[in-house]
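Dear colleague,

Please find below the structure that I am handing over to you. A summary of the findings follows it.

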Amino acid sequence: MAVRGGDWAFAVLGLPVALLGGVFAIAVLYAGVLLSLTVVGLPFVVLALLGVRRLGAPQRWLVDRLLGERIEPPAPLPRPAGALARGRAVLTDPVAWRVLLHLVLRLPLGVLGFAAAVLLPLGGGWLVGFPLWIRLLEPGPRATGWPEFVAVPLGLVLLASAPGAVRALSGANRRLARVLLGPVRTQQRVRELENARSGLIAANTDRLRGLERDLHDGTQARLVALAITLALAEDALGPEGPALPDPAPEPGTPADAARLRALVTRARTQTDDTIAELRLLTRGIHPVTPEGGLGEALPGLAATCPVPVDIRLDLRQRPEPAIEQAVYYCAAELLTNIAKHSGARSAELAVRAADGRVRLLVRDDGRGGAAPGGGASPGGGASPGGGSGLAGLAERLAAVDGVLRVDSPPGGPTTVTAELPTAL
């Protein structure tokens, strides 16, 4: 696996940043301990922590630009009324203390990264050319000793190990920044719930508007047509209702009976169409899985897919109804998208519920290229519309602590995995 240019740049340029940040953090800790018993101790620590909190922004920027790891900024520091309350908020701010710990840990990582990116290649190159340096420094005939034999292989080993060392240290820096420079877990959880709530509110609003439009333009129009048909049938029956059949019917009676039969047939057809449309609308409002749970619902869902689906179920636990609804909805959307967009010849649907987790996997052999951000994609699975498709599924799963992962390289295959808890 090749090393990105940003990894090398971070290892080289990150050393002075790590040195400055580490020295500042150690000085803050040292001075804070020494001044903790004096009057200026707490004010100094408060000011130092405010400065430390600000240092997190350039650290996140450097990790984002060079290592390609996007770190969400933490929530702003609360500003209660009163100097003492503000000082207490700073002293108990977990973000500042986490950034301080990051600066301390970045110091050895920065030194190691610079050594891996610069010193290892230089040392390896010097060892590879060691026999030549010896000849240049000591001209004249001399016996070849063991240093010449050992230097070249050792130099090649150092040169070969440099990319792996840089890659490993870049991964360590990414994980360190992800853990210590991002929002606190509670803040991150609140932000995720707020985003999920906003997404669900927007999605439900769009869904209700669509249902209102369908009811107004579709079902309501059908019911009006049904009322007109019944009115025509009533007119055909006459003002006093249908007459008993006479032994010798009048000449116009068969025509009225045929017209009445046609009107009743049309009314029955319109009634059937209206009932079917109402069923679809109510299913869109609240898709219901059978009483038997996913074990009964998913095989029936797979059977309705135009693409042949190989289904595998391992349901050792039954999730809560809300989780079952989310899994069923996710499977239905993914199978629908496979049929519409992927061009696949076969698909696989696997669900495992055990140890408090539900894992849904949907794979197809289509053309790939599914976009996790939503919108139409050439192959897989994203429905048209910027707010629908995989992005909409991810928002729906986030509302129940679920995560959606998409692996869809161009040319396929496409694999979409959803993981949820069995209980909220």
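Throughout this message, a residue is called buried when its relative accessible area is under 20%, exposed when it is over 50%, and partly exposed in between (1.4 Å probe, protein chains only). The model is a predicted one, so local features need pLDDT of at least 70 and side-chain atom pairs count only at pLDDT 80 or more, whereas totals for chains, interfaces and linings use all residues. Residues are numbered from 1 along each chain as its sequence is written, and side-chain values use heavy atoms, with hydrogens and water left out.

Overall architecture

The protein chain has 424 residues, of which 37% count as buried. It contains 11 helices and 5 strands; these are DSSP runs numbered from the N terminus, with helices being H or I of at least four residues and strands E of at least two. Taking contact to mean heavy atoms within 4.5 Å, residues 24 or more positions apart account for 71% of the contacts with a separation of 6 or more.

Nonpolar cores

A nonpolar core here is a set of buried Ala, Val, Leu, Ile, Met, Phe, Trp, Tyr and Cys residues joined through side-chain atoms within 4.5 Å. The largest one comprises 36 residues, and the members touching the most others are L298, C330, L335, L349, L360, L404 and L420. At least two residues each are supplied by α9 (294-303), α10 (321-342), β2 (347-354), β3 (357-364), α11 (389-398) and β5 (414-421). Helix α10 gives the largest share, with 11 residues. Apart from this core lies another, of 15 residues, which includes F10, V52, L100 and A177. As a general matter, nonpolar side chains in soluble globular proteins tend to be buried together.

Leaving aside neighbours within four places in sequence, L298 is in contact with I311, L313, Y328, A331, L349 and V351. L334, in helix α10, is buried with a relative accessible area of 4%. With the same exclusion of neighbours within four places, the contacts of L334 are V362, L390, L393 and V416. L334 and V416 are 82 residues apart in sequence, yet their C-alpha atoms are 8.2 Å apart in space.

Salt bridges

There are 12 salt bridges in the structure, each defined as a side-chain nitrogen of Lys or Arg within 4 Å of a carboxyl oxygen of Asp or Glu.

- E348 and R312 meet with N to O at 2.1 Å. E348 lies in strand β2 and R312 in strand β1 (residues 309-315), so the pair ties together parts that are 36 residues apart in sequence. E348 is buried at 14% relative accessibility, while R312 is partly exposed at 44%.
- R70 and D64 are joined at 4.0 Å, N to O. R70 is exposed, at 55%, and D64 is partly exposed, at 27%. Both belong to a network of salt bridges that links D64, R70 and E72.
- D314 pairs with R316, their closest N and O atoms being 3.2 Å apart. D314 is partly exposed at 26%, and R316 is exposed at 57%.

R106, in helix α4 (residues 94-128), is buried yet has no salt bridge; D7, the nearest side chain of opposite charge, is 11 Å away. Beyond residues up to four places away in sequence, R106 touches F10, G14, A18, Q59, N173 and L176.

D7 lies in helix α1 and is buried, with a relative accessible area of 3%. Counted in the same way, D7 touches L66, L67, V166, S170 and R174.

With kind regards

Definitions and conventions:
Lys and Arg count as positive and Asp and Glu as negative; His and the chain ends are not counted.
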